[in-house]
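Please keep the sequence and the model open while reading.

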Amino acid sequence: MQSRQLWAASIGLVAFLALAGYALDRAFVDVASQGQRERLKSFALYYAGQTDFARDGSLIPPDVPPEGRFDRPGSGLYASINLPDGAWASLSAQGPVLPEGEILPGSQERFEGPLPMTRSDGTPGEVYRYSLGLVDATRGDAAEFPYTINIMEDAGTLPRQVTVFRQALWGYLGIAAIVLLFLQALILRWSLLPLRRVEVELKRVQRGQLARMSGHHPRELEPLTESINALVESERENLERQRNTLADLAHSLKTPLAVLRTRLDSDADPETLREEVETQVRRMNDLVGYQLTRAASGGHKLFAAPIAIEPHAEHIVRGLEKIYAAKGAVCEFDIDPEARFHGEPGDLQELLGNLLENAFKWARSRVLLTVRNGECVPNRRPGLVLCVDDDGPGIPPEKVAVVLQRGVRGDERVQGHGIGLSIVQDIVRDYRGDLVVSTSPELGGARFEVTLPPGL
C-alpha cells in the first residue's frame, strides 16, 4: 500500500512539475519575444527622434547610435531607413545581406520574424525585424515624405536566452522534484506509521506475545482494532466454551455411569436393573442434549446480518399456543418494525423459544412480547431490548437468583429440566447483554427483560 501510494503521488508530482515547467517555458518565450520587440522598438524610436533631413532632402543620421553594436560590422544588431528615393543603413549592416523592407504608412508598426538573411561569412541566418512607418512633413515642396525605420537583430539572440533559461528552469525543477519526492516519502512513511504499528501488534497477537490489540491508535483505526479484539476474544471464548462443554459433559456422565457400573456389579434382579438402566439412560440423554444445546447456542458471528424478529416469534408462538391450548393462553406482540437482531438465527430462536415457553408455562391466559431498539451509538448498529411478560404468579425477588441457576425449576411440580433460563442467560452473556427478572407492570406476572448493547 505504501509503494502504491508513493508511486501514485510521485507520478502526480512529476506530472505537475512537468506541466509547470512547460507553462513557465512558454511564458518565458512569450515574454522574451515581447521584450525583444519592445527593445527593438525603443531603438527605432531613438532613431526616429535623432534622425533629421537636410534642406536638399538628404537624411542626416544620429551622430551617436543608441548602442555601440550598431557601429560594429556584423555585430548582429542592424538599423536601416527606407526612403522613397534611397536607403540608409548602419555600419553594422555592412557585409550581411539583410531582408529588404518596404515603406510603411505613417504611424504604422510591424514586428516580424524570423526572416532569412546571409551573414558576412556567407552562412545563412535569420533576423527579427521591427519596422516603424514615419512621415516628414517639414518639407516645403511636398506635403508628406514617408520613410520607414527598420531595426533588426539576429534570431539567435532569443534562442540563446531561451536555452539559458530552460537549463536553469529544468535544473531547479529537477532539484525541487528530488527534494519533494524525498519529503513525500518521509511524510507518507510517517502517516502510515500507525498502520505499521497495527501490523506489528497483530503479528504479536498471532504469536501469542500479546493478548489483544492495544487501545493507543488513531481514531480512524479504532473500529479496526476493536473489531480485531472482538474477533480474538470471541475465538478464545469459543475455544474455552468448547473445552468447558466437554469437561462438563464428562463430569456429568461420570455419576450415571458409576451408578450403572454399580448396578451391573450387584445382584439386582433384572426388572430393577432394567428400570435403573432406563432411568440413567434418560438422565444421560438429558445431559447430552443440554450440553449440545449449550454448545450450539454459544458464540455468535461478530458481523452477522440483521434478522427480523417478528417472523421467528410468530413461528414459535403458533407452536406454543397449540401445546397450551387447554389453558387458552395467547401471546400479544408489541414489536418495533425497525428492530433487528444482529446475530445467529439459532440464538434468536433459543432466546425467544425459552423465554416464551417459560411465559406460557406460568401464564394464566396472557403473554406479551415487546421488542424495541435499544441504545444507539454513532457508527454502530443499535442495541436491542426484548421483554417477555406473563400474567402468572410472578417470581419473588429473593428467588430470582435461584430460578436462574442451571437445573433449578421454579416449581418442582412443573415438568421441565430447569435449563431453559440458564441457556437464555448463556446466550445473553455471549452477546455481552443483561438479563433482568422483575414484575410485569402491564400483566402483573413475571417480566424477563433482555438488553443487548450496540454492536460493532
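## Aromatic pairs

Phe 53 and Tyr 147 are both buried, a term that stands for under 20% relative accessible area, with exposed meaning over 50% and partly exposed the range in between (1.4 Å probe, protein chains only). The model is a predicted one, in which local features need pLDDT of at least 70 and side-chain atom pairs count only at pLDDT 80 or more, whereas totals for chains, interfaces and linings use all residues. Residues are numbered from 1 along each chain as its sequence is written, and side-chain values use heavy atoms, with hydrogens and water left out.

The structure holds nine aromatic pairs, where rings of Phe, Tyr and Trp (its six-membered ring) pair if their centres lie within 6.5 Å, and where planes under 30 degrees apart count as stacked, over 60 as edge-to-face and the rest as tilted. In one of these pairs the ring centres of Tyr 47 and Phe 70 are 5.5 Å apart and the planes stand at 75 degrees, so the pair is edge-to-face. Tyr 47 belongs to helix 1 (residues 2–50) and Phe 70 to the loop between strand 2 (59–60) and strand 3 (77–83), so that distant parts of the chain, 23 residues apart, are linked; helices (H or I, at least four residues) and strands (E, at least two) are DSSP runs, numbered from the N terminus. Both Tyr 47 and Phe 70 are buried. The pair of Phe 53 and Tyr 147 is also edge-to-face, at 5.1 Å centre to centre and 70 degrees between the planes. Because Phe 53 lies in strand 1 (residues 52–53) and Tyr 147 in strand 7 (residues 146–154), this pair ties together parts that are 94 residues apart in sequence. One aromatic cluster is formed by Phe 43, Tyr 46, Tyr 47, Phe 70 and Trp 88.

## Nonpolar cores

A nonpolar core is a set of buried Ala, Val, Leu, Ile, Met, Phe, Trp, Tyr and Cys residues joined through side-chain atoms within 4.5 Å. The largest one has 42 residues, of which Leu 352, Leu 355, Leu 356 and Leu 369 touch the most other members. Helix 7 (residues 345–362) gives this core its largest share, seven residues. Apart from this core lies another, of 18 residues, among them Leu 83, Leu 134, Tyr 147 and Ile 149.

Which residues are in contact with Leu 355, leaving aside its neighbours within four places in sequence? They are Leu 386, Val 388, Leu 421, Val 424, Phe 448 and Val 450, contact meaning heavy atoms within 4.5 Å.

## The chain as a whole

The protein chain contains nine helices and 14 strands, and 38% of its 456 residues count as buried. Among contacts with a separation of 6 or more, 62% are between residues 24 or more positions apart.

The buried residues of helix 3 are Pro 194, Val 198, Glu 201 and Val 205. They lie on the same side of helix 3, because they cover an arc of only 70 degrees around the axis, taken from the directions from the helix axis to the C-beta atoms. Helix 3 is followed by Gly 208, whose phi is positive, near 85 degrees.

Asn 229, in helix 4 (residues 222–265), counts as buried because its relative accessibility is 7%. Asn 229 and Val 205 are 24 residues apart in sequence, with their C-alpha atoms 9.7 Å apart in space. Not counting residues up to four places away in sequence, Asn 229 touches Arg 212 and Met 213.
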